[in-house]
Amino acid sequence: MNAIRNNTREERHKLRRRRRFRLLVGTLALSLAAFIYTSSASLFPSTGAEIVVSPLSLPEEELQAQLCDPTPEPAAAPDNIFIRDIVPGDTLGSIFNMFEIAPCTLQQILAADEEVLALDTLRPGNRLTFTLDKEVRSLERMELFIHPARHVVYQRQDDTTFGFEEVILPGIWEQDVLEGSIEGSFYLSAKRAGLSEKETAIVSDLFGEQINFAREIRAGDVFQIIRSQQFVEDEFTGQSRIEGVRIFRGKRLYSAFLFEDGNYYDHRGESLARAFRRYPTNTQYRVSSPFNPRRLHPITRRISPHNGVDFAMPSGTPVLATGDGIVSRVQNHPFAGKYIEIQHGTQYTTRYLHLSRFHVRTGQKVERGQRIAQSGNTGRSTGPHLHFELHVKGRPVNPLTASIPKASSVPKAKLAEFNQRVTELVSIMEHPQHHIAQPQRESAPQNLTGQTEHTKIVAQRDSRIAGS
Ligand SMILES: [Zn+2]
């Protein structure tokens, strides 16, 4: 059984290596052609991995000149499929230029991206593929591969419109147990135990109100962390989540367990998160367009999901963060207008669109209820309003009805289930080697390939306290 599994695994690896080699050769050839074609691709300085490629990096005149040239695009390339792996310096404009795709097509793609906003955060390592019509050489389909579990397809619907589909694979979540004792700072000790910088920040954030990690953590204190990482076909997607934490500080125990509602509670079932607000404004405004996965778009008159809720309000109305978090984007988009995105821990994200003024910067920490912007009418908008989105685990949900952190304890009816979950996680922390292939309870997302999710547990104990 194991041998068979290894065999197929090896074959899959071989296939993938071959595929990658072919892609690499293709990409190299294209890059060479691109280099010869244009030496002006680099509008952004190469400053390392954190570069975000903005669609707005086109010169203003080009953004304004959105008229479609009726003449067909030149048919130079022998093939009709192009691949571009994003590198520092790339912009959407330069890539479209490179493949001789009309600027008006870029505008049509950005219009389709208004509800996903996936193209605003292109990063080195992302991949774009372009499929052109074989005869007229117009763009028929563009795909953005963000990581192995997530890609977005933009498909031509008619001469002027693209539709989009976001494909999210469930993948396989593998649990591991990371354990260590404090030597130096918590940050260094967690890093030594195998936690990433982001995961360490999440853990210290979870206990932010209870423990001062700089002052109160002492040498010899012990921590145990259960982490899940997502894999698609054996490839790590870069996505992880913290499922349980125990910190033994002297004689005191601090704990956090992720429950099915997406919130963290301590072992007694008391919430660790501060409550969320339901509404992003002080007063409740009229809903002018509800959350609707099958909405008829007011401007394009096509079925296109409305991933948020629109509140009609006068421009200049104060917009408030609905929860504590970190500002992850402050952007200006030709269709979404001026917008802000806030990351609230690992599970929740909110977005605020069509703003008139920003009051925060990217990377800034904000508190629930903090004024982050003024509402407006920027981008593609039919009147002054605020478009507000709530995403749970990367998927948009109805912000008016979704369950949000209430900073209370686990509901009585769910307590038995929660206690069982705590027992399970604690037992994994204590005997990681006894646990294998535990099914993961998570509702199956849409767009699926029939893959089932399961969890494998890998023991990864700190050697200094192994066997204790
Ligand atoms: Zn809207």
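This is a predicted model: local features need pLDDT of at least 70, side-chain atom pairs count only at pLDDT 80 or more; totals for chains, interfaces and linings use all residues.
Q: Why is Glu 100 called partly exposed?
A: The relative accessible area of Glu 100 is 26%. Buried means under 20% and exposed over 50%, so Glu 100, at 26%, is partly exposed.

Q: Where is Glu 100, and what is its phi?
A: Glu 100 sits in the loop between helix H3 (92-98) and helix H4 (103-112). Its phi is near 55 degrees, a positive value in a residue other than glycine. Most residues other than glycine have a negative phi.

Q: What makes Asp 234 count as partly exposed?
A: Asp 234 has a relative accessibility of 30%. Asp 234 is in the loop between strand S7 (222-232) and strand S8 (235-249), and has a positive phi of about 70 degrees although it is not a glycine.

Q: Why are strand S1 (81-85) and strand S5 (162-168) said to stand at the edges?
A: Five strands form an open sheet in the order S1-S2-S3-S4-S5, with antiparallel pairing. S1 and S5 each have a single partner strand, so one side of each is left without a neighbour in the sheet. From one strand to the next, the twist averages 15 degrees.

Q: How do you know that strand S4 (residues 150-156) and S5 pair?
A: Pairing requires at least two bridges. S4 and S5 are joined in the antiparallel sense over seven bridges, so they pair. Gln 155, for one, has Gly 163 in S5 as its bridge partner.

Technical notes
Residues are numbered from 1 along each chain as its sequence is written. Side-chain values use heavy atoms; hydrogens and water are left out. Helices (H or I, at least four residues) and strands (E, at least two) are DSSP runs, numbered from the N terminus. Buried means under 20% relative accessible area, exposed over 50%, partly exposed in between (1.4 Å probe, protein chains only). Axes are lines fitted to C-alpha atoms, for helices over the stretch in contact, and angles run from 0 to 180 degrees between N-to-C directions.
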